[in-house]
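Colleague: I am new to this structure and would like to go through it with you. May I put some questions to you, one at a time?

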Amino acid sequence: MKPGSKNGAVWRRWDLHLHPPGTKMSNGYGNSSPEIDEKYIDALEASPIEVFGITDYFSCDRSFEIIDAFHKRHPDSPKAFFINIEFRLSDAINAASDSPHLHVIFDSDEQFCPRRKIEKFLQLLTTKGVDRSGASISCAELSKPADYESASVAFEDLNKKLNEAFGDSQPYLLAFPAKNDGMKSTDMSSPRKVRVADNIDRICHAFLGYGASRDHFLRKDRYDDGQSEPKPVIWGSDAHSFEDLERLQGNIPSYPYTWIKADTTFRGLQQICYEPEARVFIGEEPPVETRKIQHPTKILRGLKIGQVRGYDGAQGQWFKNVDLPLNPELTAIIGNKGSGKSALVDIIGLLGESRLEEYFAFLSDSPENKKFRQRRYAENFEAELEWQSGSLTAKRLSDHVESTKPELVRYLPQNYFEKLTNEIQIEKFRRQIEDVVFSHVDETEQMGQASFKELQDLKTLRSKDETSALKTRLRAQNVNLVALEEQADPQFRRTLKAQLDAKYNELNALAKPEVMDAPDDIETPEQKVLSATVEQYSAQLTALRSREQPAIEYLAELKRKKQVLEGVNESLESLTKRVADAVEQIRSDLGKFGLDADQIVSLRIQNAALLSLAADLTNQIGKLEANNELTFEHGFDFSTLESLPDIRKAIDHLVDAVNLARDKLSAPRRAYQQYLERLDAWKSRNILITGNETDPQPNTIRYIESQITALDNDLPAKIVAAREARRKLVEAIYASKNKILKFYADLKKSVDTKLSEVAIEGFSVEIDASFVLSKDFQDSFLSKVSKNKRGPFNGQIKEPGQTLSDFLRDVSWNDFAAISAGLDRILDAMQTEDLKFTDQVRDQKEFYDFLFSLEYIEPSYKLRLSGKDLEELSPGEKGLLLLVFYLQLDKNDIPLIIDQPEDNLDNQSIFSVLSNCIRTAKKRRQVVLVTHNPNLAVGADAEQIVYVKLDKTKNYKFSYESGAIENPNINRRIVDVLEGSQPAFVKRRLKYKF
């Protein structure tokens with residue numbers, strides 16, 4: 001058996017259905033000869049296909065000859081082969097009573113499937129329709145071309161003879177055609193044929209068909225009389241001639257590539273039966289292969305760890321010549337306790353500039369847990385990350401994360417979960433989830449803002465204006481001033497510069513497609529028309545794509561302007577109400593002097609122009625967001641499209657039109673058109689990284705450069721202006737703040753659908769809005785209290801912050817009466833016979849302004865897990881909740897590194913929720929997971945398993961083994977390490993051959 005790849009199950013192109021020279025029927029290669037065989041063998045070696053199923057009718061002798069000759073001619077070739085025997089069945093299932101073909105694909109490992117057993121099977125299996133005398137003739141006895149043309153076998157007999165020859169080992173897969181004379185052509189008017197077809201469906205392991213058949217065979221309701229198992233669909237070239245071998249290049253219409261994610265072994269092939277949806281792809285390339293090309297700076301290729309030159313090993317061998325490739329999808333790291341699992345992910349976190357270095361376990365700087373970071377240890381080792389782009393990131397293990405550089409990986413250490421999810425970290429926990437939610441907000445709804453906080457400030461500004469004008473503006477401007485002063489810190493500029501450098505690196509790593517000249521072959525009139533059609537559609541497609549992003553940006557800007565106008569109008573309405581209230585307050589006093597308050601005080605607001613402009617903006621937004629349900633007939637003028645949904649629909653239409661027309665082109669011209677599409681994609685990506693000239697979007701080169709320019713030229717003046725404007729700010733009142741919760745209700749809609757996908761019985765995530773204390777409330781409060789005066793907050797009896805928490809512990813911030821009572825308790829405690837209130841505060845008016853403005857009460861998400869509030873959740877439940885958000889909602893596509901997330905979680909939660917979320921996440925970003933639970937390693941179908949070991953008896957020698965789940969050695973390691981949880985494998989062990 002060939003060993004699997006160290007980086008586990010990767011996508012490769014497989015062709016399990018092609019015939020060799022001398023095939024028993026329809027041989028188009030010419031007369032057999034050594035030269036013909038060599039030409040055929042060299043064509044296979046030169047093709048992009050990595051695994052072949054050499055196919056012949058009712059026999060295997062010719063297939064074995066070709067495979068043996070291949071290995072002799074190319075002994076170092078990594079390509080793998082299987083024997084595929086094609087049978088004609090006597091069991092008709094379609095209306096025409098045609099005889100369908102059935103393929104039996106055998107294990108190529110002589111240890112598990114000896115050639116003699118395949119030959120024995122062919123000797124046992126008798127045919128029909130060959131000998132008119134009625135005598136039974138075995139497949140092995142067929143000899144003349146006419147014998148093969150007329151022979152057929154019974155499906156039930158074939159299964160019976162397979163069992164006789166191989167017993168329970170079953171080193172083979174049965175594959176049946178999906179269409180033509182296959183399963184989808186079943187004569188539904190014949191109950192007998194339907195029963196036969198269902199029986200074939202039940203027994204066969206896979207089906208031969210295009211991608212269009214995939215959804216049908218993944219269904220669980222294919223039978224009339226019971227539930228069906230999902231089955232994989234694969235496709236092959238069915239080559240019978242050298243001309244047919246052109247199909248191996250994937251450029252011939254109706255013969256797309258079949259990609260399989262597995263080791264190139266029979267156990268790898270069996271995986272497609274266990275994971276039929278995730279392990280097979282029919283088409284140009286799987287999404288992860290596209291990601292590797294389009295986002296090479298966001299996929300880790302491998303990790304190297306070694307000793308620095310001159311290290312004598314006195315402190316242990318530890319890491320020596322460690323060279324670990326990493327799978328671009330899901331890598332699960334397993335091992336016994338103390339085996340170095342966390343060491344690997346800590347090192348990745350260090351090299352990836354993780355912001356959570358303080359939570360590292362192996363590379364910890366904590367005095368009580370210094371471990372490897374003590375003197376003469378970490379400085380003797382160095383590590384290097386290689387990215388898909390080819391760039392390298394290197395550090396000594398004694399180095400630290402550079403916070404001015406962009407975060408290259410999202411690392412969630414085990415310690416981080418434990419500390420983040422305890423009671424005193426609730427606010428920080430909530431902010432983490434809000435950041436994830438913001439990433440899921442529609443781009444047009446973000447209104448050009450770069451963070452959750454910025455969007456929150458924009459959307460809630462008008463509600464804040466309804467409160468006391470002075471206090472509200474004071475609070476908002478203080479936030480603005482803090483932000484400006486933070487920007488004045490040189491560290492802020494260095495961070496921007498590092499972000500800019502990273503963007504330039506991303507731009508430089510974006511590989512421009514290699515130039516391809518237009519084909520010079522002579523085009524037929526039909527090809528000329530097709531070429532012109534493709535060029536026309538491609539030009540229209542390029543024009544539309546160039547309009548999509550500007551349309552998004554323009555729509556976001558219109559919404560921002562409308563938001564500002566609505567805020568101004570509500571401020572005017574609030575002003576009108578405040579003036580009316582003021583008039584009522586003075587009306588009685590003025591009446592005593594015979595004066596009419598309405599004649600003395602009047603307010604004239606003319607907001608007709610404002611309302612007209614807001615209505616115009618609403619109309620423009622409506623047009624840009626309208627889905628006009630257009631149909632695009634030939635000759636449609638795409639330049640007339642205005643709305644974003646129409647543009648996107650037109651793009652989808654043109655993509656389909658280009659693909660349809662392109663598939664009819666000759667192979668060279670189809671390849672040239674594909675080159676033009678890749679070039680156009682490269683140009684678009686280039687613009688997205690660079691940013692447009694007039695109004696660049698956040699996180700683009702031009703945007704970051706404009707921020708740096710603003711820092712250098714405008715910031716000092718802005719700080720001066722902000723300090724001057726601080727006195728104009730006003731307080732917020734509780735009734736107005738309630739309107740802010742609508743902002744959260746709108747955001748809730750952005751994530752409800754995604755969260756519902758992971759809801760199961762006993763686990764559901766609900767989001768509501770509530771008021772919470774701001775993170776700086778305690779500091780702000782205590783900064784206004786004199787520490788050198790006797791009182792409850794001077795720290796002499798209890799820590800001041802704890803005292804304040806005790807006073808407010810039972811306050812519900814969603815109940816104004818409870819808030820008022822809590823504030824009264826504070827004032828009562830500060831004003832007694834023995835204590836003077838004014839002695840305890842630095843400035844009484846400032847203290848009152850702060851305490852009664854309620855500006856420290858902020859709206860925030862209130863999360864409930866299975867009916868329990870966030871504050872009521874156990875640490876394990878909070879950890880699961882946070883993981884669901886990161887895995888299911890986070891749109892950040894940098895690698896996600898997680899260290900033992902399953903601690904404190906029950907197996908049902910892990911399997912039902914977490915493993916499904918990991919499966920979702922790995923489709924769009926690379927995931928590296930340290931785990932000791934089989935439901936994560938196996939349930940999430942990890943593409944790569946890394947078993948690690950740290951042998952302390954051998955001078956702390958670190959070693960590892962790596963491969964796919966189906967690799968027998970890795971298989972045994974999983975069982976060895978996870979022995980304590982082995983009962984969880986009972987339902988899956990047969991499936992995975994444990």
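Colleague: Which residue of strand 13 is the bridge partner of L303?

Modeller: This is a predicted model. In strand 13, the residue bridged to L303 is L324.

Colleague: In what order do the 4 strands of the open sheet lie?

Modeller: The edge strands are strand 13 (322–325) and strand 16 (392–396), each of which pairs on one side only. Neighbouring strands are turned by 10° against each other on average, direction ignored. The pairing is antiparallel, and the order is 13-12-15-16.

Colleague: Which helix packs on this sheet?

Modeller: The helix in question touches strand 12, strand 13, strand 15 (381–387) and strand 16. Its direction makes about 105° with that of strand 12. The helix is helix 10, residues 341–351.

Colleague: Which residues touch the most other members of the largest nonpolar core?

Modeller: In soluble globular proteins, nonpolar side chains tend to be buried together. The largest nonpolar core here has 65 residues, and those touching the most other members are F87, F106, F121 and L158. The largest share of this core, 5 residues, comes from helix 5 (residues 155–166).
Apart from it lies another core of 47 residues, among them I334, V765, I945 and V977. For the largest core, then, the names are F87, F106, F121 and L158.

Colleague: Leaving aside its neighbours within four places in sequence, what is F106 in contact with?

Modeller: Contact requires heavy atoms within 4.5 Å. On that basis F106 is in contact with F82, I83, I85, C113, I118, F121, L162, F166, P171, Y172 and F266.

Colleague: What percentage of the residues of the protein chain count as buried?

Modeller: The chain has 33 helices and 24 strands. It exposes about 47,200 Å², of which carbon and sulfur atoms supply 49%. Of its 994 residues, the share that count as buried is 50%.

Conventions:
Residues numbered from 1 in each chain as written. Predicted model: local features only at pLDDT ≥ 70, side-chain atom pairs only at ≥ 80, totals over all residues. Heavy atoms only, no water. Helix = DSSP H or I, 4+ residues; strand = E, 2+ residues; numbered from the N terminus. Buried < 20%, exposed > 50% of the residue type's maximum accessible area, 1.4 Å probe, protein only. Areas by Shrake-Rupley, 256 points an atom, 1.4 Å probe, with all protein chains shown as cover. Core = buried A, V, L, I, M, F, W, Y, C linked by side-chain atoms within 4.5 Å. Pairing = 2+ DSSP bridges. Axes fitted to C-alpha atoms, helices over the stretch in contact; angles between N-to-C directions.
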